[in-house]
Amino acid sequence: MRSLRAILRRTSAPRLREPAASNANQVTAGVASTAFRSPQSQSLRVHSFVGKLNGPWHKRALQAFMIIVTAHLAEHLVQAYQVYVLKWPMHQARGVLGQVFPWLIHSEVLHYGYALIMLVGIWTLLPGFVGRSRTWWLAALVIQFWHHIEHALLQGQAIAGRTLFGAPVPTSIVQLWIPRLELHLLYNSVVFVPMIVAMYYHLFPSAPEATGMRCSCALHVGPGTA
Ligand SMILES: [Zn+2]
């Protein structure tokens, strides 16, 4: 009987410790279990990579990611400017890169690819955020998840060669109420705003928040409470 209890204690002990694992561990476990049939060495490698991305590499990774996201949003703003201020016909309003590479605008797979990269980027960099910044970054993740679903619907129609709702071109759900140019400018802005608020709280955390951070992003630690 004593030995049985000892065995039970030994087998249950690691499980009891699991909830205390960091967010990075949880995300890593998710990545490992879905992306790989996790031999331990692979799981450890992913753990250290995602762990570094949310620790020592968080600052550089966020800088690179925010540059890409801002450049993409700027393209949507330029396109809106071309249509509403310069009065260019819609098919000629292709932002900046689209003027040189028109296929960028017309390739549904690129739009979908970008939405997916953005979703994965926000999700991968989430564990590095703590306190208020985490709440706002999470809000951006939820919104981007829906934005990505809309692009998946568009992409699905492009592949299937059939459109939803009897529309002449691939059409997403909210596009039934808001035209595509305005809708995707709106989506990108609505994701961008909580990201900026999250970045603000991440760069200027309160003292309690700063103690939970494993990265070097903080520019100034405030005295306030979280
Ligand atoms: Zn950071």
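Of the contacts in the protein with a separation of 6 or more, what share is accounted for by residues 24 or more positions apart? I found that such residues account for 55% of those contacts. I note at the outset that the model is predicted.

**Entry 1: Overall make-up**

I counted the elements next. The protein has 10 helices and zero strands, and from the N terminus on its elements run α-α-α-α-α-α-α-α-α-α. I then looked up burial and recorded that 24% of the 226 residues are buried.

**Entry 2: Helices α7 and α8**

I examined helix α7, residues 108-125, against helix α8, residues 131-160. Their axes come within 9 Å and cross at roughly 155 degrees. Because angles over 145 degrees count as roughly antiparallel, α7 is roughly antiparallel to α8. I recorded the crossing of these two helices as left-handed. On the α7 side the contact includes Tyr112, Ala115, Leu116, Met118, Leu119 and Ile122; on the α8 side I noted, among others, Trp137, Ala140, Leu141, Phe145 and His148. By class, this contact of α7 with α8 has 15 nonpolar, six polar and one charged residues.

**Entry 3: Histidine 148**

Is histidine 148 buried or exposed? Histidine 148 counts as buried because it has 20 C-beta neighbours inside 10 Å, and the cut-off for a buried residue is 20 or more. Leaving aside neighbours within four places in sequence, I found histidine 148 in contact with Ala115, Leu116 and Leu119. I also looked up tyrosine 112, which is 36 residues from histidine 148 along the chain. The C-alpha atoms of these two residues are separated by 7.1 Å.

**Entry 4: Helices α8 and α9**

I followed α8 to its contact with α9. The axes of α8 and α9 come within 7 Å and cross at roughly 165 degrees. These two helices are therefore roughly antiparallel to each other, and α8 passes α9 in a left-handed crossing. Among the residues that meet are Trp136, Trp137, Ala140 and Ile143 in α8 and Val190, Pro194, Met195 and Ala198 in α9. I noted that the residues of this contact of α8 with α9 divide into 13 nonpolar, five polar and one charged.

I looked up tryptophan 136 separately. Not counting residues up to four places away in sequence, tryptophan 136 touches Pro194, Val197, Ala198 and Tyr201.

**Entry 5: Helices α4 and α9**

I next compared α9, residues 180-203, with helix α4, residues 58-84. The axes of α4 and α9 come within 10 Å and cross at roughly 145 degrees, and the crossing is left-handed. The contact includes Met66, Val69, Leu73 and Leu77 of α4 and Leu181, Leu185, Phe192 and Met195 of α9. By class, the contact of α4 with α9 has 11 nonpolar, six polar and no charged residues.

**Entry 6: The nonpolar core**

Which residues have the most contacts inside the largest nonpolar core? I found these to be Met118, Ile122, Trp136, Trp137, Ala140, Met195 and Ala198, in a core of 25 residues. At least two residues of this core are supplied by each of α3 (40-53), α4, α7, α8 and α9. The largest share, six residues, comes from α7.

Technical notes: Residues numbered from 1 in each chain as written. Predicted model: local features only at pLDDT ≥ 70, side-chain atom pairs only at ≥ 80, totals over all residues. Axes fitted to C-alpha atoms, helices over the stretch in contact; angles between N-to-C directions. Helix = DSSP H or I, 4+ residues; strand = E, 2+ residues; numbered from the N terminus. Parallel < 35°, antiparallel > 145°, perpendicular 65-115°, else oblique. Left-handed = near helix turned anticlockwise from the far one by under 90°. Contact = placed C-beta atoms within 7 Å. Nonpolar A, V, L, I, M, F, W, Y, C, P; charged D, E, K, R; others polar. Core = buried A, V, L, I, M, F, W, Y, C linked by C-beta atoms within 7 Å. Buried ≥ 20, exposed ≤ 12 C-beta atoms within 10 Å, placed from the backbone.
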